[in-house]
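Before you read on, take a moment to look over the sequence and the structure. The questions below go through the structure step by step, and each answer ends on what was asked for.

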Amino acid sequence: MGTLLRDGATLHMTDTGEGLAVVFQHGLGGGEVQVAQTFPAGFRRITLECRGHGGSGLGERRPFSFEMFADDVLAAADQAGLERFIAGGVSMGAAIALSLACRHPGRVAGLILVRPAWTFTAAPTSMQPIAEVAELILQHGTDKGRTMFAQSETAARLYREAPDNLSSLLGYFDRPGAKSFAQVLANIANDGPGVSERDAAALDIPALVVGNEVDAVHPLSAAYTLAAAMPSATFAEVTPKARDSAKHFGELHEQIGSFLQSHSNARSLIPS
């Protein structure tokens, strides 16, 4: 574990493994533990825990945004000595990777987008439950906010349709420094990667987009939309984590590993 200093924030960074270099980011509220569970062994992986996540500080700049997080991740790639790399991630991490590919096409050689939540607009409907949680914490604190959310129509709907999402949302109330982190939740849930469908169509690089059902925050339709927009994308559907967690991660490892192996000898993906 290393560190990256940005705007008064000490950000934790992991650089592990050997071979093809992949910069792979966590989701909103996640961190290195989430990525280690998602990403297969056998490749070089660089992960930066975004501001307020894992062991990383918040820093001085506000508001938090995808542009800020993507710039931090690019600085981490620079510190790791990567001129060209595959960018990927889960949920928010997928959106960061897509943003990097469109803003810095000369740096990103391929994409791995796992359970994307954002496509081409800011504040997608699927992010509304997270924005709701953030607002409750900021206005009422964690204890009262949790009670109010548990009694809400949103929680009742998720209990029926996507219990795994509900569990994750309730976890935001329990995390250390929840009130400070709620500002990160609010800002990111109401932001977007700043990528248009036209931008995605111009990405002539190998891409893997992975989605699953039973997920209200990461709708399968988002994965379909992104895969359809990119000319060289492959779409894969895996078992929902809510139905079988072990099978979900096993299939993710297989899909990501297969994608990386199949392109590991491609000239465009060889790290400079």
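This is a predicted model: local features need pLDDT of at least 70, side-chain atom pairs count only at pLDDT 80 or more; totals for chains, interfaces and linings use all residues.

**Strands, core and rings**

Q: Which residue of strand 8 is the bridge partner of leucine 208?
A: Strand 7 also runs parallel to strand 8 (residues 233–237), and five bridges join these two strands. Strand 7, helix 9 (residues 220–229) and strand 8 together make a right-handed β-α-β unit. On the strand 8 side, the bridge partner of leucine 208 is threonine 234.

Q: Is strand 7 (residues 207–211) largely enclosed or exposed, and how many of its residues are buried?
A: In a regular strand, the side chains alternate between the two faces of the sheet. Here Ala207, Val209 and Gly211 point one way from strand 7, while Leu208 and Val210 point the other way, and all are buried. Strand 7 is therefore largely enclosed by the rest of the structure, the number of its buried residues being five of the five.

Q: What kind of pair do the rings of phenylalanine 66 and tryptophan 118 form?
A: A pair of aromatic rings is described by the distance of the centres and the angle of the planes. For phenylalanine 66 and tryptophan 118 the centres are 4.8 Å apart and the planes stand at 80°, and since planes over 60 degrees apart count in this way, the pair is edge-to-face.

Q: How many residues apart in sequence are the parts that this pair ties together?
A: Phenylalanine 66 is buried, with a relative accessible area of 0%, and tryptophan 118 counts as buried at 1% relative accessibility. Phenylalanine 66 lies in helix 2, whereas tryptophan 118 lies in the loop between strand 6 (108–114) and helix 4 (128–150), so the parts that the pair ties together are 52 residues apart in sequence.

Q: Which residue lies over the face of phenylalanine 181?
A: Tyrosine 172 and phenylalanine 181 are both buried, and their rings form a tilted pair, because the centres are 6.3 Å apart and the planes are at 35°. Over the face of phenylalanine 181, at 3.8 Å from the ring centre, lies arginine 175.

Q: Which residues does proline 219 touch, not counting residues up to four places away in sequence?
A: Proline 219 has its place in the loop between strand 7 and helix 9, and it counts as partly exposed at 22% relative accessibility. Its C-alpha atom is separated by 7.4 Å from that of serine 126, although the two residues are 93 residues apart along the chain. Not counting residues up to four places away in sequence, proline 219 touches Pro116 and Ser126.

Methods:
Residues are numbered from 1 along each chain as its sequence is written. Side-chain values use heavy atoms; hydrogens and water are left out. Rings of Phe, Tyr and Trp (its six-membered ring) pair if their centres lie within 6.5 Å; planes under 30 degrees apart count as stacked, over 60 as edge-to-face and the rest as tilted. Helices (H or I, at least four residues) and strands (E, at least two) are DSSP runs, numbered from the N terminus. Buried means under 20% relative accessible area, exposed over 50%, partly exposed in between (1.4 Å probe, protein chains only). A charge sits over a ring if NZ of Lys or CZ of Arg is within 6 Å of the ring centre and within 35 degrees of the ring normal. Two strands pair if DSSP finds at least two bridges between them. A crossover is right-handed if, with the strands pointing away from the viewer, the path from the first strand over the helix to the second runs clockwise. Contact means heavy atoms within 4.5 Å.
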